[in-house]
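Reader: Could we go through this structure together, one part at a time?
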Amino acid sequence: PLALSPKEKKKKKKKTKKRKMGIDLEAGGRNKKTKRTKQKSENVYLALLVKLYRFLARRTDSKFNQTVLKRLFMSKTNRPPLSLSKLAKFMKGKEGKVACVVGTITDDVRMFEVPKLTVCALRFTATARARIVKAGGECLTFDQLALKAPTGEGVVLLRGPKNSREAVKHFGAPGVPHSHAKPYVQHKGRKFEKARGRRASRGYKA
């Protein structure tokens, strides 16, 4: 083959120029949104509720429907349960209104008398449902609530305590002065994490 002139070599080099690696683009540009736009669960009943509240959020000006839709997308950690005692406490003075929890309603054995309540929730434990019904109250599902209050009028939207999980108690550094983080311990006996720093007789007590 004939040797190429410097001019031709330059031309050939230009043609075979490597392209830089690009970024992944979705239709309409780079996707920076991280919040959920749909539920991760494959539960068909939840999917139907999402469909219903998507429609209500779109067709009404109600912020209530938008909030319920957003909470239906949430993970289980972000949908903490609410106990009957807390529910009764929050609904004090709001008689005649409907309590709404996008999560589970659980029973509280420390509570002796349950007031008459109308509650809408994703789930009720068997004992919580029985106690509400026995007190003359009502347990609603979200599709029943949509018919009763399509804009959320007369509805009190509640949430359970998010940081009451056992895992949250362990967050942080245990053993550090002024830290209240719970250590992961084998046992709760005398021999386990009860020496220096835990008792005045063993050096100091933090």
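Predicted model: local features only at pLDDT ≥ 70, side-chain atom pairs only at ≥ 80, totals over all residues.

Reader: Which residues are buried in helix 3?
Author: In helix 3, which covers residues 63-72, the buried ones are F64, N65, V68, L69, R71 and L72, where buried means under 20% relative accessible area with a 1.4 Å probe and protein chains only. Helices are DSSP runs of H or I with at least four residues, strands are runs of E with at least two, and both are numbered from the N terminus.

Reader: And what do the buried residues of helix 3 pack against?
Author: They pack against helix 2 (44-59), strand 2 (98-106), strand 3 (118-124), helix 6 (142-148) and strand 5 (155-158), with contact meaning heavy atoms within 4.5 Å.

Reader: Changing topic, where is H170, and is H170 buried or exposed?
Author: H170 sits in the segment after helix 7 (166-169), and H170 is buried, with a relative accessible area of 12%.

Reader: What does H170 touch?
Author: Leaving aside residues up to four places away in sequence, H170 touches A181, K182, P183 and Y184. A polar atom of the H170 side chain lies 2.7 Å from the backbone oxygen of K182.

Definitions and conventions: Residues numbered from 1 in each chain as written. Heavy atoms only, no water. Buried < 20%, exposed > 50% of the residue type's maximum accessible area, 1.4 Å probe, protein only. Polar contact = N/O pair within 3.5 Å; in protein donor to acceptor, adjacent residues only side chain to side chain.
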